[in-house]
Amino acid sequence: MTAHWSTSYVGLPWAAVGRDRSGVDCWGLIRLVYAEQLRILLPSYLGAYSSESERGELAAHIDGVAASGIWTEIGRADVLPFDVLVFRRGRLDTHVGLVVERGLMLHVAEREQSKIETFAQGRWQHRLSGVYRHLETPSRGAR
């Protein structure tokens, strides 16, 4: 039996503006998965914010990703693997996760390791503010 694609991404350490397997932030994890699994190179956005604690700048970065033209917003009921989930913390969108399968996401939170967690219930359900699909992935969602 082949391991699920997400297995090799569980347990990666969190690092502010991390962009590789030595440490990732939430966007860095998505960027890493897209590069390795889908061969899609996403922008780094390293200059978009200067620290994880500056929530307003991070929210602006996430808004910029959503408005970039390479993402399509989709309905929550239509999620597929590799769709990007955007979460609100307080008044701002400041966290992203990646759909693994219906109801489960891969993500990394500040000062934790990357993990698979439910987004369809519990602490993340009410924070979900949008779901986005990269224009190059619609046919790959069922992988």
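Contact here means heavy atoms within 4.5 Å. The legends below describe close-up views of a predicted model.

View A. Leaving aside residues up to four places away in sequence, His 134 touches Tyr 34, Ile 40, Leu 42, Ile 70 and Trp 71. Because buried denotes under 20% relative accessible area, His 134, at 4% relative accessibility, counts as buried.

**View C. Setting of Glu 36 in helix α1.** Helix α1 spans residues 26–38 and includes Glu 36. The relative accessible area of Glu 36 is 34%, and this residue is therefore partly exposed. Between Glu 36 and Trp 5, the C-alpha to C-alpha distance is 9.9 Å, while the two residues are 31 residues apart in sequence.

**View D. Side-chain polar contacts of Glu 36 with Tyr 9 and Arg 21.** When residues up to four places away in sequence are not counted, Glu 36 touches Tyr 9 and Arg 21. The side chains of Glu 36 and Tyr 9 make a polar contact of 2.7 Å. The side chain of Glu 36 is also joined to that of Arg 21 by a polar contact, at 2.8 Å.

Methods:
Residues numbered from 1 in each chain as written. Predicted model: local features only at pLDDT ≥ 70, side-chain atom pairs only at ≥ 80, totals over all residues. Heavy atoms only, no water. Buried < 20%, exposed > 50% of the residue type's maximum accessible area, 1.4 Å probe, protein only. Helix = DSSP H or I, 4+ residues; strand = E, 2+ residues; numbered from the N terminus. Polar contact = N/O pair within 3.5 Å; in protein donor to acceptor, adjacent residues only side chain to side chain.
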